[in-house]
Amino acid sequence: MKYPASWLKSLPRFCNLLGPIEDFVAEYSYDSPDQIVLPSLCNGYIGLDASESWVFLDGIFCGEGTQSHRAAIPSPVNWLPVVENEMCHQNIVLFHFGMGILVHIQRYTSFDLYTSTFVSRARPHLLVRSVKAVFRDDGPFDVHFKPDKAITWTSPDLESTIDEMDKLLYYSGEVYIMEDSELFCEKDKVFVVTEFMPSFNEKGAVLTRTQSSLIYLSTFSRVSRIDALEAFDKAMFIQTSTSPDGLLEENAEAWLNRWSLARITMVTHPSRSWDESTAEWDDTVRGSDFTDGRDFHLSRCLISAQYTLLSNFPEYLPDCLIIPSLDGPEYSKECAFFGLCPSGLGRGNIVDDYMGHTFWDMDIWMLPWMSLMHPALSQVALNYRCATLHNAELRARREGYRGARFAWESARTGLETSPWDLSANREIHVIANVSIAIQNWLYLNVTPNGHAWYANKGRIILNSIAAFWASRLEFSPEKDAYIITGVMPPDEYCDSCDNSAYTNAAASLALSGPAVIARLFGQKVSAEQEIWESLSTKIWMPFSEKDGVMLEYEGYKDGTIVKQADTVLLSYPLMYEQSKEAKIKMIEKYTAVTSDCGPAMTWAMFFISALEVGLMENASGYFDRCLLYCKPPFYVWSEQLEGGGAKNFITGLGGFLQAITNGLMGIRVTTQCTENGKIEPVLHVAPNMVGPVSEGTNYDAGRSICGSLQAYGLAFLGRRIDIALDGVLKKIKFTLVSGEPLILSEGFGGIYKGILKKCVELPLDSTFSLTAPKSV
């Protein structure tokens, strides 16, 4: 395959970071666009699916209360070129996961058309569309194309106006209905500046041999028309003063910087060689893994998952919006980023895409990997929880509780926006999930930045969540323990129960968290924090002594079908203490009753839990079941196995990424007591299923999933660490990329192996831990 000329400058650098080109570029030839689901194009500020009619801006919603959804902004790029009186012989789609570029290639008899689309990671406001003709020697002098779909500037969510001036179109849209009309004095507005004039629909454009490409810029702002125009002018300056590919090169550089900071790669097959003379890859070696008969590249699945999650986080925060408080404007907060919904920023105006709302999905499924690899981006998401804290506290007071009662679903304000009352009222484990996400981030970031964030934001929100749970507990004389009644567990087939194992265990972590984190950051533990910590040890759990296994909830009947991963989450991510035998029984019990119609992230958690207790054959099966939700050729995750529910389900790929870092690499972050009575974070690594891979399979007789696995730039205590697992040579290599040295120990007993100053290589068949030295 010959790739676009504009890619060639950066391709070797992407290959150096991400591996062979097949690992980060997907190609598909199609007859109808309806055959494929495309990845979204996002940068954390704007997002879109190029095959759909809308663009979305982070934080801009339309609809009151539970009807609140992402406001649909007309897309200027929902079209492909058509050439009259010419027959298109082949349609090809390329997607470059290294820098988020979608290319449609249309092959005609005497020329090809390349239509490229990307949102800039270097410029938050910018969307770029280009059309280029590649003429053959015997082809025409020029090509006249028109869009196959008219660009329309109307929206069901926005009162729209357009103006034309100086060959630019200015679009302004004001949302019809705000989330809470009493809270907002003014309605939100969006502004677009674009080169697509209304005449483009009828006249199209002409490409010639002397001007074979056209680049169209569009900028979006949630602040003002002036803001959108300034962003447009700056982008136009780059395009006209440097080179036609200047904006593409900026975008590539921003992505290269992000990938250079942290990424995960794997090898499942022999690498291919790059032929510089033809700008093509040598296809003599087949590089596919096979899962259930599909042509499935696991290494590409890994890169695409990282791209998709990263693309939903902003590299830059250009402006803020106000989150108003029900208690008055003096309690309002500024917020630059409004969380992550299960289908990301590229979707979110319909119920199947969860209307753009933020759930527990962000805290439990997406942020664990982000906090480990890209903590600064994870911190941006946690700031959304902090900005909505006051409204969460007000809700708790109105319901008769102390502390903060976070919404099951939230949009702009943090108030409840779930259209399903049962979840809105009963799925309160989300409150503990917020605390757990913050604790996980703080464990990894005992740094000056971590200290400042803890002092200004983290401590306050952890205390408020603990106060809620302390007031929500009920004491049961019969059980001589505290109980939590009337909840919905993660298993939403159960609409109400008492003493959900997951909810109770998560609440326990939320109660102990303020004291643990205070000690971690060298702060005095308050009397109230000590009370909460004591309460955390006195919560009743529905463990069946008769069967030696944890029940999903009190009164759970054997054989009852479960929607998704629930009780198994006690092993990971909650790390609730149980015997190995109890964990095995738990896995076996709930594997048998978990629905095949459940969401994508379920089997990733079974995989991690099975690895932890040595159920390797079970783990292999769970891993394959996890991958069934990921659809080649563009590795878009669906919520449900048959493709229903949310498209581009980033909750599912968040679970998959944890299967890699916390399953195959066996990473856990815990705390331990030091000799002077303080506590410190510990990074544990317990590799699994990395070894020689048989041809055409995901794992050999030894059940290896990949031949090698590399985590570059893992973030721990202000350091950056590379961890490379070589399954062929059976070696693990730790490299300290930046920061102060660490202590490296081996085995469960923590046998001291030395100081990690540069790199240390050890046999792979063990477990390892990293801690900060007392003095080096």
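This is a predicted model: local features need pLDDT of at least 70, side-chain atom pairs count only at pLDDT 80 or more; totals for chains, interfaces and linings use all residues.

- Want to see what surrounds F656? Leaving out residues up to four places away in sequence, F656 touches L298, C301, L302, A305, A604, F623, C626, L627 and W637.

**Helices worth a look**

- Helix α6 (residues 360-373) packs against helix α7 (residues 375-387) at about 150°, and their axes lie 7 Å apart.
- Angles over 145 degrees count as roughly antiparallel, and α6 and α7 are therefore roughly antiparallel to each other.
- On the α6 side of that contact you'll find W360, M362, D363, L367, M370, S371 and M373, while α7 brings P375, L377, S378, A381, L382, Y384 and R385.
- Sorted by class, the α6–α7 contact has ten nonpolar, two polar and two charged residues.

**Buried residues and their neighbours**

- I364 sits in helix α6 and is buried, at a relative accessible area of 4%.
- Apart from neighbours within four places in sequence, I364 is in contact with N433, I436, Y502, P573 and Q658.
- I364 and T413 are 49 residues apart along the chain, and 21 Å separates their C-alpha atoms.
- T503 belongs to helix α12 (residues 501-520), and its relative accessible area of 0% makes it buried.
- With neighbours within four places in sequence set aside, the contacts of T503 are H429, W469, I484, V487, M488 and P489.
- T208 is in strand β17 (residues 205-208) and counts as buried at 14%, since the cut-off for buried is under 20% relative accessible area.
- Skipping neighbours within four places in sequence, T208 contacts F135, F141 and D142.
- The C-alpha atoms of T208 and A133 are 7.8 Å from each other, though 75 residues apart along the chain.

- Most residues other than glycine have a negative phi, and most peptide bonds are trans.
- The bond joining Y572 and P573 is a cis peptide bond, with omega about 15°; P573 lies in the loop between β29 (549-550) and α14 (580-591).
- Another cis peptide bond runs from P632 to P633, with omega near 10°, and P633 is in the loop between β30 (630-631) and β31 (636-637).
- D166 is not a glycine, yet its phi is positive, near 55°; look for D166 in the loop between β14 (158-165) and β15 (168-175).
- N499 also has a positive phi, about 55°, without being a glycine, and is found in the loop between β27 (481-483) and α12.
- Which of these is buried and which exposed? D166 counts as exposed at 66% relative accessibility, whereas N499 counts as buried at 0%.

Methods: Residues are numbered from 1 along each chain as its sequence is written. Side-chain values use heavy atoms; hydrogens and water are left out. Axes are lines fitted to C-alpha atoms, for helices over the stretch in contact, and angles run from 0 to 180 degrees between N-to-C directions. Helices (H or I, at least four residues) and strands (E, at least two) are DSSP runs, numbered from the N terminus. Angles under 35 degrees count as roughly parallel, over 145 as roughly antiparallel, 65 to 115 as roughly perpendicular and the rest as oblique. Contact means heavy atoms within 4.5 Å. Ala, Val, Leu, Ile, Met, Phe, Trp, Tyr, Cys and Pro count as nonpolar, Asp, Glu, Lys and Arg as charged, and the others, Gly among them, as polar. Buried means under 20% relative accessible area, exposed over 50%, partly exposed in between (1.4 Å probe, protein chains only).
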